[in-house]
Amino acid sequence: MRKLAIIMAALALGAPAAFAAEGGGAAAWQQWHAGNELGDRASLQRGARNFMNYCVGCHSLKYVRYQRVGEDLGIATDIMKANLVPSGAKITDYVLTAMPASLANASFGIVPPDLSLITRSKGSDYVYQFLKTFYLDPKATTGTNNLALPGTAMPHVLSDLQGLQRAVFGKDGRFEKFETDVAGQESAAEYDSFVRDTVNFLEYAGEPAKLHRATIGVWVVLYLLLFTAIAWLLKQEYWKDVH
Ligand code: HEC
């Protein structure tokens, strides 16, 4: 029991430590945590905006409707229509990319995957690491490579925000650190938040019902308590004449 408590404490302390190490120790990128909060509605709203501005050009969320996003994230219908639903699409439509598969294939040699379930299949931390570890690579057709998905066909579509970084590898070929080549519009902290919000939204998209599960649970428990009370009263009533 003591041992378990120590391990738990070490894990709890380890998370922020890995996070703080990002600046000096990008070598530990595989331990980076997304640290996103599904309960943070403002973050989810920013994530939805990020997705519609930077991702839907190539990626779909084929199980998610705009309307549901608006309802779940508390975004009014007129704001949804004005800002998040692309012109030509209806609010009841699914979030689908306008890019035809044939064009994607011709451009990237692969069709960008649907991202509805990406955080469930690969994890939120993975998507966070993926979006933060693009680096310049003159040998890559896109001009950039990625630590989380080496040789990826996805271009660094967020380079205007993050800037461009070089990767420094040691003699043994192990990744050591990033060096800024071109500064982006955002500071490192701002880009970090941008990615966290985007991952948060993708995690929500993977299971929209998660947002409501806790509230539903409370009602279920209340119902069960009420039902128990009624059953008990009924039993008293039936048995009161039996001696
Ligand atoms: C210009 C087109 C394009 C845009 C815009 C784009 N992607 Fe991609 N994305 C791709 C392609 C192509 C792949 C397939 C990469 C591969 O398999 O090598 C991909 C793959 C991915 C993957 C899967 C990685 C894996 O391990 O399989 C994730 C996650 C992803 N993109 C996230 C995003 C997010 C988040 C955005 C918006 C910030 C975005 N993408 C914007 C083209 C794009």
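Student: Which residues does S124 touch, and what makes them count as contacts?

Tutor: Contact means heavy atoms within 4.5 Å. Leaving out residues up to four places away in sequence, S124 touches A34, N36, T119, V199 and E203. Please keep in mind that this is a predicted model, where local features need pLDDT of at least 70, side-chain atom pairs count only at pLDDT 80 or more, and totals for chains, interfaces and linings use all residues. Residues are numbered from 1 along each chain as its sequence is written, and side-chain values use heavy atoms, with hydrogens and water left out.

Student: Is S124 called buried or exposed, and why?

Tutor: Buried means under 20% relative accessible area, exposed means over 50%, and partly exposed lies in between (1.4 Å probe, protein chains only). S124 has a relative accessible area of 11%, so S124 is buried.

Student: Where is S124 found, and what makes that element a helix?

Tutor: S124 is found in helix α7. Helices are DSSP runs of H or I with at least four residues, strands are runs of E with at least two, and both are numbered from the N terminus. The helix α7 covers 124–132. The protein chain has 10 helices and 6 strands.

Student: How do you know whether α7 is mostly covered?

Tutor: In α7, 8 of its 9 residues are buried. Among them are Y126, F130 and K132. For the protein chain, 35% of the 243 residues count as buried.

Student: What is Y94 called, buried, partly exposed or exposed, and why?

Tutor: Y94 has a relative accessible area of 35%, so the term is partly exposed. The place of Y94 is in strand β2, residues 94–95.

Student: How do you know that the side chains of Y94 and R65 make a polar contact?

Tutor: A polar contact is a pair of N or O atoms within 3.5 Å; within protein, one must be able to donate a hydrogen and the other to accept it, and residues adjacent in sequence count only if both atoms are side-chain atoms. The contact joining the side chains of Y94 and R65 is 3.0 Å. These two residues are 29 apart in sequence, with a C-alpha to C-alpha distance of 4.1 Å.

Student: Which residues coordinate the iron atom of the ligand?

Tutor: H59 (NE2) and M154 (SD) do, at 2.0 to 2.1 Å. Donors are N, O and S atoms within 2.8 Å of the metal (3.2 Å for Na, K and Ca), and as water is not among the atoms, sites may look incomplete.

Student: Why is the arrangement around the iron atom called octahedral?

Tutor: Six donors count as octahedral if opposite donors are over 155 degrees apart and all others between 65 and 115; four count as square planar by those angle limits, or as tetrahedral if all angles lie between 85 and 135 degrees, and anything else is irregular. Here the 6 donor atoms subtend angles of 87 to 177 degrees, which makes the arrangement octahedral. H59 lies in the loop between α2 and β1 and M154 in the loop between β4 and α8, so the pair ties together parts 95 residues apart in sequence.

Student: What is the shell around the ligand like by class?

Tutor: By class, the shell has 17 nonpolar, 2 polar and 1 charged residues. Ala, Val, Leu, Ile, Met, Phe, Trp, Tyr, Cys and Pro count as nonpolar, Asp, Glu, Lys and Arg as charged, and the others, Gly among them, as polar. The largest share, 3 residues, comes from α7.
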